[in-house]
Amino acid sequence: MKATPTVFNRQVSKKIAVVGLGYVGLAAAVSFAEYGHCVSCMDIDTEKIECLKKCSSPFYEPGLADLLRSNTSRLSYTSDIKDACINAEIIFLAVQTPELPDGSADLTYLYEAATNIRAVLKKTCILVVKSTVPVGTCDQLASLFDDDIEVVSNPEFLAQGRAVYDMLHPARIVIGTVNEPTRTCLHELYSPFGAPIVWMDRRTAELTKYACNDFLALKLSYINEIANLCERFETNIELVTEAMGLDSRIGHHFLKAGIGYGGSCFSKDTKALYRMANDYGYELRTVHSAIEVNEYQKKLLIHKIKKYYANLCGKRIAVLGLAFKPETDDLREAASIACLPFLMDAGATAVVYDPKCAENVQRLFPSVFIEKSSEDALIDADIALIFTEWREICNITPEVFIQRMRHPIILDGRNCYDIETMRNHKLIYDSVGRPVTGCLKINEKAEKKENE
Ligand code: UDX
């Protein structure tokens with residue numbers, strides 16, 4: 001996947017500040033720099049700033065390190081909001097808006113950043129909110145500023161693991177402003193990206209972001225339920241979705257059944273929109289169901305493991321993949337994180353492998369055993385649980401499972417393997433929405449070994 005734009009359409013350079021350097025903020029910063037703008041990057045996390053000053057990426061995101069290096073002359077880093085914003089024509093706010101216990105979005109970081117910006121701004125400026133925020137937040141922010149600061153909503157639709165690519169090649173750009181000069185300035189900034197720009201008011205832009213994420217979450221929960229049904233009917237979800245997706249009204253995207261959605265966005269944004277609707281006296285029943293289905297789905301492998309072992313005490317469990325999806329080291333809302341405590345509480349030994357998440361998981365669960373490869377994690381395992389479809393995990397051959405494991409029972413939460421290939425080998429292969437292969441014979445063998 002090539003992140004860099006193929007057509008370089010350099011234009012008059014703008015002075016931009018980006019406040020909040022997570023996936024969204026940093027991807028935006030390097031992309032604007034790539035288009036020739038000077039970008040001052042600000043974050044309160046001084047470790048992150050030191051890391052960036054050394055031209056190194058503070059988290060794993062494909063393409064990011066390359067663009068940080070190739071744009072050093074246009075990128076600067078600081079923890080000082082005044083330094084970052086004092087000369088900026090456009091300030092992007094990309095701070096996190098995490099979930100509060102009641103499901104609503106925590107706007108503390110956003111208001112803190114906005115208040116600090118207000119204290120240092122001396123000139124006319126556009127303040128663009130990229131963070132996902134409840135409807136009406138930008139209007140409230142606008143009331144904090146004088147008329148010479150125009151507040152705009154410009155939600156971001158990039159996905160982790162392809163954040164830089166998505167930022168450089170967006171499907172559409174949504175901009176919430178009704179102010180003409182602001183519109184002209186942002187049109188100049190974004191037109192080289194070559195995507196349709198949908199102009200609207202701030203509140204509509206804020207809602208559009210939730211509507212998109214929640215629709216995708218809904219689509220996933222729906223297909224995961226159909227997959228659960230396929231297991232009961234002994235039919236194959238992949239054939240069902242192949243046929244469904246060919247209907248252009250449905251499409252193939254977000255139809256891959258599995259152990260539910262994870263990541264920082266879907267979980268938080270479904271709950272936030274549900275909560276927001278409730279505040280306006282409306283019960284958003286579809287979104288509520290999507291949330292409930294996903295909670296069940298994230299624990300699917302735990303529900304299934306009971307088919308194979310009534311008692312997990314002393315069992316060695318290989319856990320392959322931890323990240324909420326491939327190409328990221330992010331564990332937020334990952335199914336693996338929902339399941340690991342159950343395994344440990346049940347007295348099992350969890351031996352985990354993930355190409356990028358080792359450090360992050362060790363911080364969360366100091367007692368898990370981390371191996372350097374899938375092959376090592378599989379040694380003497382009584383069962384293997386697959387949580388992430390990393391390419392190297394998808395490349396494991398049936399022979400490796402058979403040779404390494406004590407009992408070759410594989411619970412695949414991401415449908416990594418061809419079912420016919422697995423059927424031809426002496427192992428139990430239990431995936432999502434597809435018939436179980438090799439079940440009885442091997443299971444009997446496993447039980448027999450168990451009793452010896
Ligand atoms: C998502 C949106 O895609 C993005 O537009 C928004 O800006 C932020 O939230 P992200 O959370 O990075 O991006 O990941 P995404 O690729 O959407 O996947 C979310 C979860 O759904 C992952 O756990 C993934 O494994 C799962 N998923 C996705 C499926 O289970 N099946 C699919 O077909 C697609």
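## Terms and model

A residue is called buried when its relative accessible area is under 20%, exposed when that area is over 50%, and partly exposed in between, with a 1.4 Å probe and protein chains only. By this rule Lys 268, with a relative accessible area of 14%, is buried. The areas come from the Shrake-Rupley method with a 1.4 Å probe, and for residues only the protein chains shown count as cover.

The model is predicted: local features need pLDDT of at least 70, side-chain atom pairs count only at pLDDT 80 or more, and totals for chains, interfaces and linings use all residues. Residues are numbered from 1 along each chain as its sequence is written, and side-chain values use heavy atoms, with hydrogens and water left out.

## The chain as a whole

The secondary structure of the chain comes to 20 helices and 14 strands. Helices (H or I, at least four residues) and strands (E, at least two) are DSSP runs, numbered from the N terminus. Of the 452 residues of the chain, 54% count as buried.

The C-alpha trace spans about 80 × 50 × 40 Å along its principal axes. The radius of gyration, taken over C-alpha atoms, is compared with a globule rule of 2.2 Å times the number of residues to the power 0.38. For 452 residues, a compact globule would have a value near 22 Å, and the 24 Å of the chain agrees with this.

## The ligand and its shell

How many residues surround the ligand? There are 18, and the closest are Phe 157, Leu 158, Gln 160, Phe 324 and Lys 325. By class, the shell has 10 nonpolar, 3 polar and 5 charged residues. In this scheme Ala, Val, Leu, Ile, Met, Phe, Trp, Tyr, Cys and Pro count as nonpolar, Asp, Glu, Lys and Arg as charged, and the others, Gly among them, as polar. Helix H9 (residues 202-233) gives the largest share of the shell, 3 residues.

A polar contact is a pair of N or O atoms within 3.5 Å; within protein, one must be able to donate a hydrogen and the other to accept it, and residues adjacent in sequence count only if both atoms are side-chain atoms. A backbone N or O atom of Leu 158 lies 2.9 Å from an oxygen atom of the ligand. From the side chains, a polar atom of Lys 325 lies 2.9 Å from a ligand oxygen, and a polar atom of Lys 209 lies 3.2 Å from a ligand oxygen. Taken alone the ligand exposes 670 Å², and the protein buries 89% of that.

Leu 158 sits in the loop between strand E6 (149-153) and helix H7 (163-168). Leu 158 is buried, with a relative accessible area of 12%.

## Helix H8

Which residues of helix H8 (residues 180-190) are buried? They are Thr 182, Cys 185, Leu 186, Leu 189 and Tyr 190. Seen down the helix axis, the buried residues of H8 fall within an arc of 125°, so they line one face of the helix. The arc is that of the directions from the helix axis to the C-beta atoms. The face turned away from the buried side carries the exposed residues Glu 180 and Pro 181.

## Single residues in helices and loops

Lys 268 is part of helix H11. Lys 268 and Ser 104 are 164 residues apart in sequence, but their C-alpha atoms are 8.2 Å apart in space. Glu 112 belongs to helix H5 (residues 108-120) and is partly exposed, with a relative accessible area of 43%. Asp 43 lies in the loop between strand E2 (38-42) and helix H2 (46-53). At 9% relative accessibility, Asp 43 is buried, and a polar atom of its side chain lies 2.7 Å from the backbone nitrogen of Leu 21.

Most residues other than glycine have a negative phi. Phe 254 is not a glycine, yet has a positive phi of about 60°. Phe 254 lies in the loop between helix H10 (237-245) and helix H11 (266-279) and is partly exposed, at 34%. Glu 327, also not a glycine, has a positive phi of about 65°. Glu 327 is in the loop between strand E9 (316-320) and helix H14 (335-345), and its relative accessibility of 33% makes it partly exposed.

Note on methods. A residue is near a molecule or strand if one of its heavy atoms lies within 4 Å of it.
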